[in-house]
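Thanks, everyone. I have one structure to go through today, and I will keep it short.

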Amino acid sequence: MERKAYGLTGKNIFLIGFMGSGKTTVASYLGKAYQMKTTEMDGAISEQEGMSIPDIFALHGEEYFRRLETAFLIELRQEKGVVVSCGGGVPMRSENVAEMKKNGRVILLEASPETIYERVKDSNDRPLLEGNKNIAYIAELMGKRKEKYEAAADIVIETDGKKVSVIGEEIMRKVLELEQEKKEHEGRGKEN
Ligand code: S3P
């Protein structure tokens, strides 16, 4: 059954998290279940550049790719009600976090290094994991990113062992609760 995300007026939903944390799958669930537009940053950037993410890294370097990510977020300022599946490195730049916060809520999807490993082990489209596809490396990189990921997040969702529908519903419930809280808070502000 399709439902509309009533109460989410004017906001985008940014899904952040480590590579393989399920951002794209969850975005696609939310898009279908709540009739929201979805966009996947890596896919959009790759299409725009006419080449794969590994080719962008190889040809232009990581810094160039990171600038494309920021430019993509700036373009999203105009959008409303879009579910955005972000690349895993997006929350590492403070300007990206500031962009996401301007017109959206930021949802962090967490998963264990073991779960991540299972999801990424057979793919070759993530340059940062090439030659490093093992649980120890994933855990180490995750540890380095943890603080920034958590600081960027409005809501944190633990995903290990949960079905995508359960994750999607948990996100929507928490986002709508947050909107309600903000509205009440603003209302109280006006009274005083
Ligand atoms: C990256 C994550 C990838 C992609 C690029 C770099 C990262 O996206 O943007 O390979 O720095 O974590 P996914 O998180 O969608 O795999």
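I will go through the helix packing and then the ligand site.

First, a caveat: this is a predicted model.

Let me start with the helices. Two packed helices are described by the angle between their axes and the distance between the axes. Take helix H2, residues 41-49, and helix H4, residues 62-75: their axes are 11 Å apart, and the packing angle is about 110°. An angle from 65 to 115 degrees counts as roughly perpendicular, so H2 is roughly perpendicular to H4. On the H2 side, the contact is made by Met41, Asp42, Ala44, Ile45, Gln48 and Glu49. They meet Tyr64, Phe65, Leu68, Glu69, Phe72 and Leu73 of H4. By class, that contact has eight nonpolar residues, one polar and three charged.

H4 also packs with helix H3, residues 53-60. Here the axes come within 7 Å and the crossing angle is roughly 125°. H3 and H4 are therefore oblique to each other. From H3 we have Ile53, Ile56, Phe57 and His60, and they meet Glu62, Tyr64, Phe65 and Arg66 in H4. The breakdown for this contact is five nonpolar, one polar and two charged.

Now the ligand. Which residues are the closest to it? Those are Lys23, Asp42, Arg66, Arg126 and Arg145, out of 14 residues that surround the ligand. Asp42 is also part of the H2 contact with H4, and Arg66 is one of the H4 residues that meet H3.

For individual distances, an N or O atom in the Arg145 side chain is 2.7 Å from a ligand oxygen. The backbone takes part as well: a backbone N or O atom of Gly88 lies 2.9 Å from an oxygen atom of the ligand. For Gly89, a polar backbone atom is 3.3 Å from a ligand oxygen. Taken alone, the ligand exposes 390 Å², and the protein buries 97% of that.

Technical notes. Residues are numbered from 1 along each chain as its sequence is written. This is a predicted model: local features need pLDDT of at least 70, side-chain atom pairs count only at pLDDT 80 or more; totals for chains, interfaces and linings use all residues. Side-chain values use heavy atoms; hydrogens and water are left out. Axes are lines fitted to C-alpha atoms, for helices over the stretch in contact, and angles run from 0 to 180 degrees between N-to-C directions. Helices (H or I, at least four residues) and strands (E, at least two) are DSSP runs, numbered from the N terminus. Angles under 35 degrees count as roughly parallel, over 145 as roughly antiparallel, 65 to 115 as roughly perpendicular and the rest as oblique. Contact means heavy atoms within 4.5 Å. Ala, Val, Leu, Ile, Met, Phe, Trp, Tyr, Cys and Pro count as nonpolar, Asp, Glu, Lys and Arg as charged, and the others, Gly among them, as polar. A residue is near a molecule or strand if one of its heavy atoms lies within 4 Å of it. A polar contact is a pair of N or O atoms within 3.5 Å; within protein, one must be able to donate a hydrogen and the other to accept it, and residues adjacent in sequence count only if both atoms are side-chain atoms. Accessible areas come from the Shrake-Rupley method with a 1.4 Å probe; for residues, only the protein chains shown count as cover.
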